[in-house]
Amino acid sequence: MSEADERSRRWTLALGVDAEGAEGAEGGPALSASDRRMSEALTALYGDGEEAPKKGRGGLGGSAPRVAKWLGDIREFFPAPVVQVIQKDAFERKGLRQMLLEPEFLATVEADVGLIADLVALRGVMPEKTKDTARIVIAKVVAELMERLERRTADAVRGALNRSLRTHRPRFADIDWPRTIKANLRHYQAEHRTVVPERLIGFLRQQRRIVDLDEVTLCVDQSGSMATSVVYASIFAAVMASLPVVATKLVCFDTAIVDLTEELADPVEVLFGVQLGGGTDINRAVAYCEERIERPAKAHLILITDLYEGGDADALVDRLARLATRGINVIVLLALTDTGHPSYNPALSAKVASLGIPVFACTPDQFPDLMATALKREDVAGWAADQDIKLIRPET
């Protein structure tokens, strides 16, 4: 196809095709059957730029099989990230959220973290047959997230490694490669262009008793605005709970409190235990976590909330100040999302920051390093600044 024909094809697809029209823009060649299907799939959602498609144009309708076919079409023509954008537009423009209650529709959706949050929010009104499909969809996304995040989190959080002690018989995962290479430079093999180490240098794995373990409590706001953060926090909590080097708790809250610590072996079950929506009583949730902290000097409280407090804000500030005074390592994350750009309460955030507590947002990819910094009780605010993360300034 010539450059002019390809340009004509693209303009025709962008402008839409009438049901009876087959020629491209500027009198170009007719669209192929595949192109026409692509155009019809987009027209069904976007029409010709108006709020609703014109009479005779496609529509998503109200039947699950028809929507499922439409989803199948857009998945054929577009990559997954684009499909997710189109799906989001469909939910907003066509009111398709109710279609998530149909297993036929749900089985065809391109799942992502945002969709998982929607499914968790709708769990209470789902028919039982749909819940089974929802579990399969959630389990797939959870598995993908675990594969992406588990190794980095495990490596970062493994506080059992005492990096001040060395061994010449390390496990492979504990090899200190920079020191090993430096110590073996004289064994450089020019013909192979590599160093063949004669001796290994690694970190000595330190066995820790339960009473020596650091306590990590993820206290997560499950109000509707924090939905994506809840999903990621639940995944990280499940990963950390699988590590024998930290004692991990997960507490989710709105105006009620749900302690999901006992469910952490099954991340899917954790997400089905979340109650997204409702108001917010942060102070009450922090009080619950405070009561369950056993060793303040080894405790880390990661409070994940936008700080829109529906309860007693002054009492919350006083409580956080008391926790910090007791030696508990308190960190406030305004969001744990891929964008890392939160909507939050600026006044209360500034008050909390004035206590010397780091207040900021981070992405899931940054979270493992954040936890490593926290567990070593290094300067979290300094780490955030090094990551070019915007810290909330204390009120003046």
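Aspartate 388 lies in the segment after helix H15 (380-386), where helices (H or I, at least four residues) and strands (E, at least two) are DSSP runs numbered from the N terminus. The phi angle of aspartate 388 is near 60 degrees, a positive value in a residue other than glycine. The model is predicted: local features need pLDDT of at least 70, side-chain atom pairs count only at pLDDT 80 or more, and totals for chains, interfaces and linings use all residues. Residues are numbered from 1 along each chain as its sequence is written, and side-chain values use heavy atoms, with hydrogens and water left out.

**Positive phi angles**

- Aspartate 388 is exposed, with a relative accessible area of 74%; exposed means over 50% relative accessible area, buried under 20%, and partly exposed in between (1.4 Å probe, protein chains only).
- Arginine 193 is located in the loop between strand E2 (188-189) and strand E3 (194-195), and its phi is near 55 degrees, a positive value in a residue other than glycine.
- Arginine 193 is exposed, at a relative accessible area of 70%.

**Helix H14**

- Eight of the nine residues of helix H14 (residues 367-375) are buried, so this helix is largely enclosed by the rest of the structure.
- The buried residues of H14 are Phe367, Pro368, Leu370, Met371, Ala372, Thr373, Ala374 and Leu375.

**Largest pocket**

- The largest pocket holds about 520 Å³ of space. A pocket is defined on a 1 Å grid over the protein atoms alone, as an open set of points where a 1.4 Å probe fits, with protein on both sides within 12 Å along at least five of seven lines. Grid points are joined across faces, edges and corners, and a volume is the space filled by probe spheres set on the points.
- The lining of the largest pocket comprises 26 residues, of which Val113, Gly114, Thr228, Tyr232 and Asp338 lie nearest its centre; lining residues have an atom within 4 Å of a point.
- Two or more lining residues are given by each of helix H6 (113-122), helix H7 (128-157), helix H9 (227-241) and strand E9 (329-336).
- H7 supplies the largest share of this lining, five residues.
- By type, the lining residues of the largest pocket divide into ten nonpolar, nine polar and seven charged. Ala, Val, Leu, Ile, Met, Phe, Trp, Tyr, Cys and Pro count as nonpolar, Asp, Glu, Lys and Arg as charged, and the others, Gly among them, as polar.

**Salt bridges**

- The structure holds 15 salt bridges, each being a side-chain nitrogen of Lys or Arg within 4 Å of a carboxyl oxygen of Asp or Glu.
- Glutamate 128 is exposed, with a relative accessible area of 55%.
- Lysine 249 and glutamate 215 meet through their side chains in a salt bridge (3.8 Å, N to O). This pair links distant parts of the chain, with lysine 249 in strand E6 (residues 246-253) and glutamate 215 in strand E5 (residues 214-221), 34 residues apart. Both lysine 249 and glutamate 215 are buried.
- Glutamate 294 and arginine 295 also meet in a side-chain salt bridge (3.5 Å, N to O), and glutamate 294 counts as exposed at 59% relative accessibility. Salt bridges that share partners join Glu215, Lys249, Glu294 and Arg295 into one network.

- Glutamate 309 is placed in the loop between strand E8 (299-304) and helix H12 (313-325). Glutamate 309 is buried yet has no salt bridge, and the nearest side chain of opposite charge, arginine 319, is 8.3 Å away; Lys and Arg count as positive and Asp and Glu as negative, while His and the chain ends are not counted.
- The side chain of glutamate 309 reaches the backbone nitrogen of isoleucine 282 at 2.8 Å.
- Aspartate 306 is also found in the loop between E8 and H12. Aspartate 306 is buried without a salt bridge, and the nearest side chain of opposite charge, lysine 351, is 15 Å away.
- A polar atom of the aspartate 306 side chain lies 3.2 Å from the backbone nitrogen of tyrosine 308.

**Valine 239**

- Valine 239 lies in helix H9 and is buried, with a relative accessible area of 1%.
- The C-alpha atoms of valine 239 and arginine 151 are separated by 9.0 Å, although these residues are 88 residues apart along the chain.

Key: Polar contact = N/O pair within 3.5 Å; in protein donor to acceptor, adjacent residues only side chain to side chain.
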